[in-house]
Amino acid sequence: MEYITESMLRSYSVDRSWMEKASINIQKTAAPGVKTIFLSHSHEDEELINGFINYLAALGIKIYVDWQDSDMPRATNRQTAEKIKGQIAKDDFFLVLATKNALNSRWVPWEIGVADQIKGPYGKIGIIPVVDETGQFKGNEYLQLYKRITLDEVFKNRIKLYEAGSHQAKSFSDWLTE
């Protein structure tokens, strides 16, 4: 199993070819009838987030990121929380870009709790462990409850999904069509 790395995401955030491939699939707001993914993340990881958005979008995966939504309030407040909660409910899937900053965030654990209440029984939550420069991922224990997403060890442009507590992988694309 090969984890996504910070350096990989940084390279995708500045690689023009990935940005061009990605541009057609990035959702500023969730379009009706289109399967979307809510991406939970730390805003402190902007470069990594942009790389991951480009990576997924270049693979044809539609994604929603709150700070790209012009309807989000500029300063976080109760309305922000209400909009995020509504968007999590509206989107088909929920992913966490599990970086050190995300796991230390006040918002990300709350978003995971909201997603767990709404999507948990349906298996629509995934964790993307992101390893740092030392190759370490220090995730919280409760993240083990959810599917984890890694790179295919042979084909780096393919993503694999592992059920919680399992070593059995399936295609990320197949999960998105369930």
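Visitor: Is Thr80 buried or exposed?

Guide: Please note at the outset that this is a predicted model. A residue counts as buried when its relative accessible area is under 20%. Thr80 has a relative accessible area of 5%, and it is therefore buried.

Visitor: Where is Thr80 placed, and in which helix?

Guide: Thr80 belongs to helix H4. Apart from neighbours within four places in sequence, Thr80 is in contact with Met72, Pro73, Ala75 and Trp107.

Visitor: At what angle do helix H4 and helix H6 pack?

Guide: Helix H4 spans residues 78-90 and helix H6 spans residues 107-119; the angle between them is about 40°, and their axes are 9 Å apart. Angles under 35 degrees count as roughly parallel and those from 65 to 115 as roughly perpendicular. H4 and H6 are therefore oblique to each other. The crossing of H4 past H6 is right-handed.

Visitor: Which residues of H4 and H6 make the contact?

Guide: On the H4 side the contact is made by Thr80, Ala81, Ile84, Lys85, Ile88 and Ala89. On the H6 side, Trp107, Trp110, Glu111, Val114, Ala115, Ile118 and Lys119 take part.

Visitor: What does Ala102 touch, leaving out residues up to four places away in sequence?

Guide: Ala102 lies in helix H5, which covers residues 100-104. With a relative accessibility of 0%, Ala102 counts as buried. The residues that Ala102 touches, beyond those up to four places away in sequence, are His41, Ser42, Asp45, Leu97, Val108 and Pro109. As for Asp45, its C-alpha atom is separated by 8.0 Å from that of Ala102, although the two residues are 57 residues apart along the chain.

Visitor: How many helices and strands are there in the chain, and what share of its residues count as buried?

Guide: The chain contains seven helices and nine strands. Of its 178 residues, 47% count as buried. Among contacts in the chain with a separation of 6 or more, 68% are between residues 24 or more positions apart.

Visitor: What accessible surface does the chain have?

Guide: The accessible surface is about 9400 Å², and carbon and sulfur atoms account for 49% of that.

Key: Residues are numbered from 1 along each chain as its sequence is written. This is a predicted model: local features need pLDDT of at least 70, side-chain atom pairs count only at pLDDT 80 or more; totals for chains, interfaces and linings use all residues. Side-chain values use heavy atoms; hydrogens and water are left out. Helices (H or I, at least four residues) and strands (E, at least two) are DSSP runs, numbered from the N terminus. Buried means under 20% relative accessible area, exposed over 50%, partly exposed in between (1.4 Å probe, protein chains only). Contact means heavy atoms within 4.5 Å. Accessible areas come from the Shrake-Rupley method with a 1.4 Å probe; for residues, only the protein chains shown count as cover. Axes are lines fitted to C-alpha atoms, for helices over the stretch in contact, and angles run from 0 to 180 degrees between N-to-C directions. Angles under 35 degrees count as roughly parallel, over 145 as roughly antiparallel, 65 to 115 as roughly perpendicular and the rest as oblique. A crossing is left-handed if the near helix is turned anticlockwise from the far one by less than a right angle, and right-handed if clockwise.
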